[in-house]
Amino acid sequence: MNRTSWFNVVSLTLGFAFLYIPMIILIIFSFNESKLVTVWAGFSTKWYGELMQNEAFLNAAWVTIKVAVFSSTIATVLGTMAAYVMVRGGRFRGRTLFSGMIYAPLVMPEVITGLSLLLLFIGIGLDRGVLTIVLAHSTFSMCYVSVVVSSRLVTFDRSLEEAALDLGCSAPQAFRLVTLPIIAPAVISGWLLAFTLSLDDLVIASFTTGPSATTLPIKIFSAVRLGVSPEINALSTIMIAIVTIGVITTSLISKHKMVRQKREEQEAVRN
Amino acid sequence: MRRFFLIATPYTWLLLLFLVPFAIVVKISLSDTALAIPPYVPKFSWDEGIGAYFSQLDFENFVFLTEDDLYWKAYLSSFKIATISTLLTLLVGYPIAYGMARSAPEWRPTLMMLVILPFWTSFLIRVYAWMGILSNEGYLNQLLLWTGVIDTPLTILNTNTAVYIGIVYTYLPFMILPIYSALERLDESLIEAAEDLGCSRLSAFWLVTIPLSKTGIIAGCFLVFIPALGEFVIPSLLGGSNSLMIGKVLWEEFFSNRDWPVASAVAVILLLILVIPIVLFQRNQQKEQEAEQ
């Protein structure tokens, strides 16, 4: 029975219009000639040109990318370890506290995480800058990574690992040759998630940074507080474009892989 | 040895960068404010010992929070804004999730991606996009004036209405995804059975579909409510001076007033308030997991 009634079509159309129209308007007006953002005065790419001239924005973008690469890599290593410990680690002392510390940062308001880390850095006399933002971002991102990776670890067949051990693999070999390839997609999506979380974060970065390091969100926030500006529209458009291309590419790749895996499995069954 | 290393590394990291900082917040919230760097006087000193510390505790900052009505008004207004916007998000999100779950199966992955895509896009940019739409000379007012619906521009930006719109917009994916996954699992023959047994479509929806998607609804509501309560970016960009939210108060207390002990006390109370919805959310998730097994 076909339940795709007019009601569903209308609610989907309106819903997706609501989700996408604001961003589409933003993109259109980034090509506006006029400095007055709300009045259309003809097509122009001059704001993109001005953006490329703007040293402050370029510096901030560079700092942001550095922070995101380092913090998401640290977060992926720590988060994968944490997930492995939670799913395969068995019992150990303080396990409840450990799982609490992994889940708590996910629901902790950003203002509190930021405030507490800042007070720590001041307490131990660490100069605030790129390093402190990296530490802060690694900490909350590792929790997201561990959730993503452990959900993959839970579903995977443990007997594969046991078979490798029985056949003479050492534990690290079994991890490298069997476990890691199987959980690799989850590890990669964990890294991507950590990377975007870091790129996007305003609140925690504002608390943990010092005068030497300004990230792009901090820069955007201080510019936007004064109102809408065409340069920020251009910057937003570039960021939206990068994310869209990234998400579509990764989902196509993973779809392709899944199709191939299924075919291989079917062939294996036939043989 | 290897196992110890594997457990100890993430464990130590979280202890040092999550638990210790939080203990510092609690400690500073119990200290006295001072005009110094750092701007507080620690109350605890090892020479006097723990007994002396506890006898000195006066919870002065917490008393201050109850006396100055700015703070409890901010907590109340955060609670109100988070509750109303959660309900609005449910009203907007449910039909979308329902439409997705009832669409042709080959369409579902694409629709799913369309819901997730905004989630990967910068939060800040998505909030910013609404500033241009809602301002007095904004696109919404231009459209309404042009179509003749209104004669004078509506003031929406810098009011609570703008904050509601911002929260609904940015947290919508969090509401849609759990409801969609509950509805997708729902066996359609149950609805057909209800209709065969004489239910109207509407009452079948009310008596079968809604109860069976309950866990999704509850999960979605908490996923919106919990972050909305401590929200900072949305009220400071879209809200006005009178849209008080506790995240904004904490930020200003820290950066503008430089009153660390009060900011820490605000944080401690916010966290105590959040414990209740977080525990309820965890229970809901556990119930769902048990139901799956």
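The model is predicted, with local features needing pLDDT of at least 70 and side-chain atom pairs counting only at pLDDT 80 or more, while totals for chains, interfaces and linings use all residues. Residues are numbered from 1 along each chain as its sequence is written, chains are lettered from A in the order in which they are written, and side-chain values use heavy atoms, without hydrogens and water. Chain B and chain A bury about 7400 Å² between them, and the count of salt bridges between the two chains is zero.

**Interface of chain B and chain A**

- The contact (heavy atoms within 4.5 Å) involves 83 residues of chain A and 82 residues of chain B.
- Of the buried area of about 7400 Å², carbon and sulfur atoms give 80%; buried area is the accessible area (1.4 Å probe) that two parts lose on being put together, summed over both.
- B:Trp13, B:Trp120 and B:Tyr128 together supply 11% of the area that chain B buries against chain A, more than any other three residues.
- Helix α1 (residues 2–29) of chain B contributes 21 residues, the largest share of the side of chain B that touches chain A.
- That side of chain B divides into 60 nonpolar, 13 polar and nine charged residues, where Ala, Val, Leu, Ile, Met, Phe, Trp, Tyr, Cys and Pro count as nonpolar, Asp, Glu, Lys and Arg as charged, and the others, Gly among them, as polar.
- Ten residue pairs across the interface are in polar contact, both residues being at pLDDT 80 or more.
- A polar contact is a pair of N or O atoms within 3.5 Å; within protein, one must be able to donate a hydrogen and the other to accept it, and residues adjacent in sequence count only if both atoms are side-chain atoms.
- A salt bridge, of which the count here is zero, requires a side-chain nitrogen of Lys or Arg within 4 Å of a carboxyl oxygen of Asp or Glu.

**A:Thr196 in chain A**

- A:Thr196 lies in helix α8 (residues 171–200) of chain A; helices are DSSP runs (H or I, at least four residues), numbered from the N terminus.
- A:Thr196 counts as buried because its relative accessibility is 15%, buried meaning under 20% relative accessible area, exposed over 50% and partly exposed in between (1.4 Å probe, protein chains only).
- The side chain of A:Thr196 reaches the backbone oxygen of A:Leu192 at 2.7 Å.

**B:Asn158 in chain B**

- B:Asn158 is found in the loop between α7 (139–147) and α8 (160–185) of chain B.
- Although B:Asn158 is not a glycine, its phi is positive, at about 70°.
- B:Asn158 counts as partly exposed, at 43% relative accessibility.

Note on methods:
Helices (H or I, at least four residues) and strands (E, at least two) are DSSP runs, numbered from the N terminus.
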